[in-house]
Amino acid sequence: MTVYALHENPEWWPPFEAAFAAEGVPVEQWLLTGDTGDAGLDLDAEPPEGVFWSRMSASAHTRGHVLAKEQTRAVLSWLEGHGRTVVNGRSVLELEMSKVAQHAALRAAGVDVPRTTAVVGEHRLVAAAERFVAAAGGGPFITKHDQGGKGLGVRRFDDVEELRAAVDGGELDAPANGIWLLQELLVAAEPVVTRTELVDGEHVYSVRVSTAQGFELCPADACALPGQAPLFSLREGYEPPQLDAYRRFLAATGTTVAGIESIETVDGRVVTYDVNTNTNYNPDVEAVAPRSGPRAIAAYLGRLAAAEAGRGSAAA
Ligand SMILES: Nc1ncnc2c1ncn2[C@@H]1O[C@H](COP(=O)(O)OP(=O)(O)O)[C@@H](O)[C@H]1O
Ligand SMILES: [Mg+2]
C-alpha cells in the first residue's frame, strides 16, 4: 500500500525520499502548488487506496504558490470525505496556517504560551499595540503574521512609537491572511530556541537553534547561509518538561507529526510560541541524532499503510 505525500516544495523532498526507501515504504509525491489542472478535482471520484500525509507549508505563498493552501483544503476534504486515512489532515492544516489556532490549542492543553493579541488589519495595529503595551505596564513586544513560517513579519519593537513609525513608513509586509499578532517578547536566558520533534506521540529529539543571527529560521540545507556557523545542534538526552502537555495538545488536535518551538526565559519559564507540521530536518542534527526524523515518519506511515492493507484483505 502506497503512502501519498502532499506537499508544495520539491526542494525539501530528497531526505524524505531517502527515508522511505530505507524503511522500504512505497511513497508517491502529490505536488500541490495551487493548480488543479484542466480536469479539476472530481469530488465524486474515488481517491486511490493508500495512506495520505500532508506537509503543506504555511509559507507556500512566499514561493508564488498563493493558492496552495486552498487547493490543499479541497484535496484533504475530498480524501477525508472518502474515508481515507490522512495524517496531519484538514484540521491540522488550519493549525499550520494560523498561530492563533496554535496558541488556543496549546493553551487549552496546559502549555505555557506568550501573551498575544490578534489584530485584523494593519490600520488597527498601532491602537491595539497601545492597549497591549499599557496592559503590560510598558516594555518591548514582537509583531508577527498569523500565517507565518520563515519568520514572516517577526520584528521586535521597543515601544509603540517605533511601531507607529514602521507602519507610517510602509515598512511592514502584509500578512497572507490579514491577521497580525502582537506578542510578549520572550527574553531568552541564552540566545537559543528549542525545537521539539514529535512523531506519533514520540519525542524523536529536540534541537537547539541559535538566534544570535536573527529571526528567520529555515532548517533545510537549501537555506544555509555561506560562511555561517551551524545554527542547529542536537540537545542530547534532553526531555522537555512540557512533553506531557505537548502530547495532550497533539492528541486534542489530531496532529501526529510536529516540530514545536519554545524558549527558556530568563525568569525560568518554558514558553511555547510556534508549531510546525512540515519540518525540514536539519542534516547536521540528523547526522548525529540517535533517531532520524524522516525515518521515524516513514516508519510510522509504513505501519499505518500495513494496517490499512490488512483491513483491505480482511474485508475481501
Ligand atoms: N514572542 C517571542 N519572543 C522572542 N522571540 C520570538 C518570539 N516569537 C518568535 N520569536 C523568534 O522569531 C522566530 C520566528 O518566530 P515564529 O513564531 O517561530 O514564526 P515562524 O512560524 O515564522 O517560524 C522564533 O524562532 C524566535 O527566534
Ligand atoms: Mg518558527
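User: Against which elements do the buried residues of α2 pack?

Analyst: Helices (H or I, at least four residues) and strands (E, at least two) are DSSP runs numbered from the N terminus, and contact means heavy atoms within 4.5 Å. In this predicted model, the buried residues of α2 pack against β1 (3-7), β2 (27-31), β3 (51-54), β4 (85-87) and α3. Residues are numbered from 1 along each chain as its sequence is written, with chains lettered from A and ligands numbered from 1 in the order written. In this predicted model, local features need pLDDT of at least 70, side-chain atom pairs count only at pLDDT 80 or more, and totals for chains, interfaces and linings use all residues, while side-chain values use heavy atoms, leaving out hydrogens and water.

User: Which residues of α2 are buried?

Analyst: Buried means under 20% relative accessible area, exposed over 50%, and partly exposed in between (1.4 Å probe, protein chains only). In α2 the buried residues are Ala68, Lys69, Gln71, Thr72, Arg73, Val75, Leu76, Trp78 and Leu79. Just after α2, Gly83 adopts a positive phi of about 75°.

User: Which residues of α2 and α3 meet?

Analyst: From α2, Lys69, Thr72, Arg73, Leu76, Ser77 and Glu80 meet Arg90, Leu93, Glu94 and Met97 of α3. Classes are assigned as follows: Ala, Val, Leu, Ile, Met, Phe, Trp, Tyr, Cys and Pro are nonpolar, Asp, Glu, Lys and Arg are charged, and the others, Gly among them, are polar. The contact of α2 with α3 has three nonpolar, two polar and five charged residues.

User: How are α3 and α4 arranged?

Analyst: The axes of α3 and α4 (residues 99-108) come within 5 Å and cross at roughly 110°, which makes α3 roughly perpendicular to α4. Glu94, Leu95, Glu96 and Met97 of α3 make the contact with Lys99, Ala101, Gln102 and Ala105 of α4.

User: Is Val113 buried or exposed?

Analyst: Val113, in the loop between α4 and β5 (116-120), is buried, with a relative accessible area of 11%.

Conventions: Axes fitted to C-alpha atoms, helices over the stretch in contact; angles between N-to-C directions. Parallel < 35°, antiparallel > 145°, perpendicular 65-115°, else oblique.
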